Amino acid sequence: MSPVSLLLLCSLLPCSLCHSQDPFSWLYGRSGQALAALQADRTGGDCPEECDCPPSYPVAMYCDGRGLTSMPSIPERIKYLYLQNNQISAVPDAAMVNASNLVWLMMHHNQIRSDAIGKKAFLKLAKLDRLYLQHNNLTSVPSNLPRSLRDLRLHHNSIDKITGADFEGMDNLTVLYLHDNSISEISSSLKSLGSLTLLDISGNKLKKIPESLPAHLHQLYLESNSIDSVPEGFLGGFSQLQYIRMAHNQLTDKGIPPNTFNVSGLVELDLSFNRLERIPIVSTTLQHLYLQANSIKEFTLGSFCSIVDISNFSRLRTLRLDGNEIGRQDIPSESSQCLRQAFEIDI
């Protein structure tokens, strides 16, 4: 072949064919990079055989619903770990010693016991944001939980009390689910949770509203306890509370001081399934009021409006009074002016 012909051939082929590089690299250059990207990431250890670590999402490890009875090994790179719906009963100290990058840890619906959780089991998890431990066999809050937590779910266990050290230092915690346990006592430690916006302690054995609750709560759920009274000035310490649910308790008229719920900012109040005989006075800014299944005998319009005119009326949109001792004939005729925004009145 003449030098000129060779030169023309090289101009038609990829440059790699005219040099000492792999002559076929031009065929698979990009696809080879894509293939390498899809290969399993083994940084910090291999994915255990009983779990899945998708190449497309190498920081997640899926071990849910695998019939596991013990904790698997956790590669250091893992940020999102799904262990729910297994039969895990213990979390030893060494179980997560390499899992320092965890952000989400889902361990709900297992058989984890409080006495089988090592005191240092969670110490290395300084980046943990969410911890789900609901539906286990816990009798107490695990010790040394990460102070970085924002969302902690401990509901549907057998926890019987909350101690002062349980949530100490959790300045970032915003959501705390403790419902459906056996809690009869809550210390004043919750007061220090300055970022907490949602607290659910319904379905427990409380006989009174816990003292010193966090001041910035938006939602407070206390249903299905044995609470019979509300302390004087109960809502005075809250600046952002919008939703209160106290259904299925033992509240009476005597146990609710006057004007307890007459506070601006409150959006929803649920006092259904209690022992009330009168409609409590509420703020004109309240939008949803649930009073069904009490023993209310009179429709007192003054509970909603002290004055009725063009600018003074209730913003109530939902009012439930069904299951009481009054009927629609007991609603005063002038109620249409006071409750002009109500689109649902069940009686």
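A disulfide here is a pair of cysteine sulfur atoms within 2.5 Å. In general terms, a disulfide is a covalent bond between the sulfur atoms of two cysteines. By the distance rule, this chain has three disulfides.

**Before you start**

This is a predicted model, in which local features need pLDDT of at least 70 and side-chain atom pairs count only at pLDDT 80 or more, while totals for chains, interfaces and linings use all residues. Residues are numbered from 1 along each chain as its sequence is written, and side-chain values use heavy atoms, with hydrogens and water left out.

**Stop 1: the whole chain**

Colour by pLDDT, the predictor's confidence in each residue, from 0 to 100. The chain average is 88. A score of at least 70 is reached by 87% of the residues. Now select residues 3-39. Their pLDDT stays under 50. For this stretch the model has 14 contacts beyond four places in sequence; a contact means heavy atoms within 4.5 Å.

Switch to cartoon view. The chain has three helices and 15 strands. These are DSSP runs numbered from the N terminus: helices are H or I with at least four residues, strands are E with at least two.

Next, show the surface. Its accessible area is about 17,500 Å², computed by the Shrake-Rupley method with a 1.4 Å probe. Carbon and sulfur atoms hold 49% of that area. Of the 347 residues, 44% are buried. Buried means under 20% relative accessible area, exposed over 50%, and partly exposed in between (1.4 Å probe, protein chains only).

**Stop 2: Cys-47 and Cys-53**

Select this pair. Their sulfur atoms are 2.2 Å apart and form a disulfide. The link is right-handed, with 80° about the S-S bond. Cys-47 is partly exposed because its relative accessibility is 26%. Cys-53 has 15%, so it counts as buried.

**Stop 3: Cys-51 and Cys-63**

Here the sulfur atoms of the disulfide are 2.1 Å apart. The torsion about the S-S bond is about 110°, so this disulfide is right-handed. Which parts does the pair tie together? Cys-51 lies in the loop between helix 2 (25-38) and strand 1 (60-62), and Cys-63 in the loop between strand 1 and strand 2 (80-82), so the joined parts are twelve residues apart in sequence. Both Cys-51 and Cys-63 are buried.

**Stop 4: Cys-305 and Cys-338**

The link is right-handed, with 85° about the S-S bond. Cys-305 is buried, at 6% relative accessible area. Cys-338 is buried too, at 0%.

Number the bonded cysteines in sequence order, and the pairing reads 1-3, 2-4, 5-6.

**Stop 5: the core**

A nonpolar core is a set of buried Ala, Val, Leu, Ile, Met, Phe, Trp, Tyr and Cys residues joined through side-chain atoms within 4.5 Å. The largest one has 84 residues. Select Met-96, Leu-105, Phe-122, Phe-167, Leu-176 and Phe-304, which have the most contacts inside it.

Zoom in on Phe-304. What is Phe-304 in contact with, leaving aside neighbours within four places in sequence? The partners include Ile-279, Val-282, Leu-316 and Cys-338.
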